[in-house]
Amino acid sequence: MIKYFLTLEWKSFFRSAAFQTNLVLKIFMALGALYFIGLFTFVGVGAYYGLEKADLEPLETINRFMIYYVVLDLVIKYMLQKMPVVNIKPLLLMPFKKSKIVNFALGKTMFSFFNIVHAFFFIPFSVVLLRQGYDPLQVITWHLGMMAMIYINNFINVFLNDAMPLVVGVASVIIGLGALQYYGIFDVTPYTGVYFQGLFEQLWMFAIPVVIAIALYKVAHSYFLNRLYLDAGLSAKTKEASTENLDWLDRFGKTAVFLKNDIKLIKRNKRSKTTVIMSVVFLFYGLLFFTGGIESYDNPFMKIFAGIFVTGGFLFSFGQFVPSWDSSYYPLMMTQNISYEEYLRSKWMLVVLASAVSTILGLGYLYFGWEAYAAVFVGGIYNMGVNGHVVLWGGAYIKTPIDLTSNKKAFGDSSSFNVKTLLITMPKLLLPILLYTIGHFTLGPVFGYALVALAGIAGFAFRDFMFKKIIGIYKAEKYQTIAAYKQKN
């Protein structure tokens, strides 16, 4: 039975309209996977000797901080792991047992890279422990217990599919505990470390996470099996209707129609709300670069990189997926007498306004010196003048529909990637760094900041020219985009 499911997955991949895009993506994903496999393996082997060199007991230290590892794994799974899905409606009409379909879908989550990659840390680390004379049985039970914790996260993630507030709450608590520990106010690790150390010292304790993982699998299996029927999800939920006029936007003329639609879309849908949350998170990205906490980031070139991200949170998370936000009704829009210029101008105004607000909120970086905020300020100008056009340009080649009712894959689906979007992404980040580098090594850092700002101002000056070019691309891609949005995954 599994063989048939795998055959269907194989055919679905090769017969997809986005086959070439998916193939290129899979190659890059494979290279990325090899990188992380190598990184986890290196850390798994080197962690013991590094901690030993620092006069710390390696296993006890690892167990002490393992709570952060486990929680971070859950947060990363929630934010990045694509939930494996099976198009079950055609299968329900065929002689397949429902339990087999559910087993296959849950099995796909278990063999996810986000689970398997941890083995490349725990296995080498366990081998090193054995070579250092640790009791083999205790090492094995500790290893099994830790991998069971990873699979507990896997099944929790399945149930947390649409629980962003809960995940943000848990992540905030952990970040808060980490900050309290860093500043010496309260250390939670002595309490949690007892459990993880117990997985090694008490042979029977490994059974606790193993039993919990198996129980969660059973619960998930029962949950999905009981909801596996043809009309699942077809019944409409009744909600109290509310209307918003947003009359204050009428001053923008015809563009106001699209601005109102975009603001309502952002306020009413899970996926678009996520972009607002991520925009706020991006504001704190500069702390990695401006506090000097990471030595490799403490240089003016990386600070320009940080300035682009601090002010470009909404631009990157919302702007680069235009027009995919409107994919559910885009084919209908294209049958109307709609001006591409007004449609794209509304999107441009949104990302520019969001970048301007982020630039103002970034005034807090003055605390780290004028150069820190200078990087944020010129990054904001560059985002508004250049990247505001670049994201719209790249959006013409992203033809993956977005499900507004879900906040999963908030940055688009895997098939959103292709070579054209990769090449278009380069000016967003590399060009401002290049401009600053030229100025820095000629007339000094002030001239470098000026060059980045001038590039942004030039973007405003040539706005009409850029809009004409972008509109031409959207028109050329119109029918391919409509066809892609109509395709059922």
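Student: What does F122 touch, not counting residues up to four places away in sequence?

Tutor: F122 touches M66, Y69, W142, H143, M146, M147 and I150, where contact means heavy atoms within 4.5 Å. Before we go on: this is a predicted model, in which local features need pLDDT of at least 70 and side-chain atom pairs count only at pLDDT 80 or more, while totals for chains, interfaces and linings use all residues. Residues are numbered from 1 along each chain as its sequence is written, and side-chain values use heavy atoms, with hydrogens and water left out.

Student: What makes a set of residues a nonpolar core?

Tutor: The members must be buried Ala, Val, Leu, Ile, Met, Phe, Trp, Tyr or Cys, joined through side-chain atoms within 4.5 Å. The largest such core here has 39 residues, and F122 is among those with the most contacts inside it, along with I62, F125, L129, W142 and F196. Helix α9 (residues 136-159) gives this core its largest share, eight residues. Another core, of 34 residues, lies apart from it and includes L315, A375, L429 and Y449.

Student: Why is F125 called buried?

Tutor: Buried means under 20% relative accessible area, exposed over 50%, and partly exposed in between, with a 1.4 Å probe and protein chains only. F125 comes in at 0%, so buried it is. F125 sits in helix α8 (residues 119-131); a helix here is a DSSP run of H or I with at least four residues, while a strand is a run of E with at least two, both numbered from the N terminus. Beyond four places in sequence, the contacts of F125 are G44, A47, Y48, P58, L59, I62 and W142. V45 is 80 residues away in sequence, yet its C-alpha is 5.5 Å from that of F125.

Student: And D55, buried or exposed?

Tutor: D55 has 73% relative accessibility, so it counts as exposed. D55 lies in the loop between α2 (19-53) and α3 (58-64). Its phi is positive, about 60°, although D55 is not a glycine.

Student: How do you know that α9 is roughly parallel to α12?

Tutor: Their packing angle is about 25°, with the axes 8 Å apart. Axes are lines fitted to C-alpha atoms, for helices over the stretch in contact, and angles run from 0 to 180 degrees between N-to-C directions. Angles under 35 degrees count as roughly parallel, over 145 as roughly antiparallel, 65 to 115 as roughly perpendicular and the rest as oblique. So α9 is roughly parallel to α12. Among the residues that meet are L144, G145 and A148 in α9 and P209, V210 and I212 in α12.

Student: What is the handedness of the crossing of α9 and α12?

Tutor: Left-handed: the near helix is turned anticlockwise from the far one by less than a right angle, whereas clockwise would be right-handed. The crossing of α19 and α23 is right-handed, and those two pack at about 115° with axes 10 Å apart.
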